[in-house]
Amino acid sequence: MTITEDIKYIGVNDYKIDLFEGMYVVPEGMTYNSYVVMDDKIAVLDTVDEGFTKEWLANLQRILGKRKPDYLIVQHMEPDHSSNIMHLIEQFPEIILVASSKAFTMMGNYFGTDFKEKRIVVSDGDVLSLGKHKLTFLSALMVHWPEVMVTYDSTDRVLFSADSFGRFGADKEADWTQEAARYYFGIVGKYGIPVQKLLGKITELTIEKICPLHGPVLSENLEYYIKLYDIWSSYRPEKEGVLIAYTSVYGNTKEAALLLAKALRKRGCETVLVRDLARSDMSQVVAEAFRYSKLVLATTTYNTFLFPPMREFISWLTERNFSNRIVAFIENGSWMPTAAMHMKEQLKESKGIIFAKECVKIMSAIHEENSMQIEKLAEELSKELPEECKEIDIFEKK
Ligand code: FEO
């Protein structure tokens, strides 16, 4: 695939993978992206997952013809991108590796050598000239590992963005946002501050195309993608809406969740999502919790604590700095109604959370007082997000 006259795509599609990083479902597969810049000197940007050596080398060879690559630029050392470094060196022993100092340390860990004889160590702002193309390396520390850098080609105005702006799914025509959000909040979401730093650097650049390590090359509406990354990485809600995440053992908590959804819709709330945590993809619901402005957590006491999928869900959120939201609780405790207390406790380090005043407290099954609590909670949640919730700066104390 041609990105520009001199920049070619040589990545591969993985349709056999079931769980990316051993954890994330990827029903539409995964791409491992790799690129070549053809100039007086030739640079390859990143390799691909270990299952695709032959296909990737064949893609590269087709572009090279009789020429040989001069540089391998290693932006990220996670194995889905670095597994073929040794294979490339076997094929082209004279190739020079270009990477951050931390990446070379990781190469020592992975391959038993840090390539002292054939490497260029680059830092933030360093430039490599290929002839017509000048490649500027920008540190992207902790987006999503510490060795990461992105690369800007000022000649063609292309940003090679490493893990940022990537998404799950190998169908390049599919909608970007949903799978990009699931990818972002699952994999990069904890690192909002580093992503903000990277965005600060790239907003200075004129960018016509973004070439990430996963998913499609982005070449239109770049402001949209950059804006979404800005919202996501600053932990602000992307959209007004209520996510009701519940678990239910015998159906009573589910009934309360559905009654609340109905009461919210009756009051004109346009976006109300109801998700059973025991039956939903966790990464999908986590992404939704980060994208929408209000979250209702509904669960039962279990083993004197919380029903396990809810405990796990809140851990996913807090691990990823869940902040700046309105959160409400529905608890069901047939003989120990303490779930709301435990959920609140789990969220105690989260910044900018406004807890709803109304808490629905069910003792086994829904009674009249619960119906009233649900109506009151719906009333409270159907109000607009308060300004203080929109504006809170979760980074100020860090
Ligand atoms: Fe696709 Fe962080 O690697």
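**View 1. Lysine 116 and aspartate 114 pair up in a salt bridge.** The N to O distance between the two side chains is 2.9 Å, where a salt bridge is a side-chain nitrogen of Lys or Arg within 4 Å of a carboxyl oxygen of Asp or Glu. Lysine 116 counts as exposed because its relative accessibility is 58%, while aspartate 114, at 23%, counts as partly exposed. For these labels, buried means under 20% relative accessible area, exposed means over 50%, and partly exposed lies in between (1.4 Å probe, protein chains only). By this salt-bridge rule the count comes to 17. A note for all the views: this is a predicted model, in which local features need pLDDT of at least 70 and side-chain atom pairs count only at pLDDT 80 or more, while totals for chains, interfaces and linings use all residues. Residues are numbered from 1 along each chain as its sequence is written, and side-chain values use heavy atoms, with hydrogens and water left out.

**View 2. Lysine 266 meets glutamate 375 in a salt bridge.** Here the N to O distance is 3.3 Å. The pair links distant parts of the chain, 109 residues apart: lysine 266 belongs to helix 8 (residues 252–266) and glutamate 375 to helix 12 (residues 368–381). Helices (H or I, at least four residues) and strands (E, at least two) are DSSP runs, numbered from the N terminus. With a relative accessible area of 60%, lysine 266 is exposed; glutamate 375, at 29%, is partly exposed.

**View 3. Arginine 320 and glutamate 319 form another salt bridge.** Their side chains come to 3.6 Å, N to O. Arginine 320 counts as buried because its relative accessibility is 7%, whereas glutamate 319 is partly exposed at 46%. Looking back to the previous view, salt bridges with shared partners join Lys266, Arg267, Glu375 and Glu379 into one network.

**View 4. Alanine 103 sits in helix 4 (residues 101–111).** Is alanine 103 buried or exposed? Alanine 103 counts as buried, because its relative accessibility is 0%. Apart from neighbours within four places in sequence, alanine 103 is in contact (heavy atoms within 4.5 Å) with Met77 and Glu147. Glutamine 75 lies 28 residues away in sequence, with a C-alpha to C-alpha distance of 8.0 Å from alanine 103.

**View 5. One salt bridge is counted between domain 1 and domain 2.** Aspartate 281 and arginine 182 form a salt bridge, with their closest N and O atoms 3.4 Å apart.
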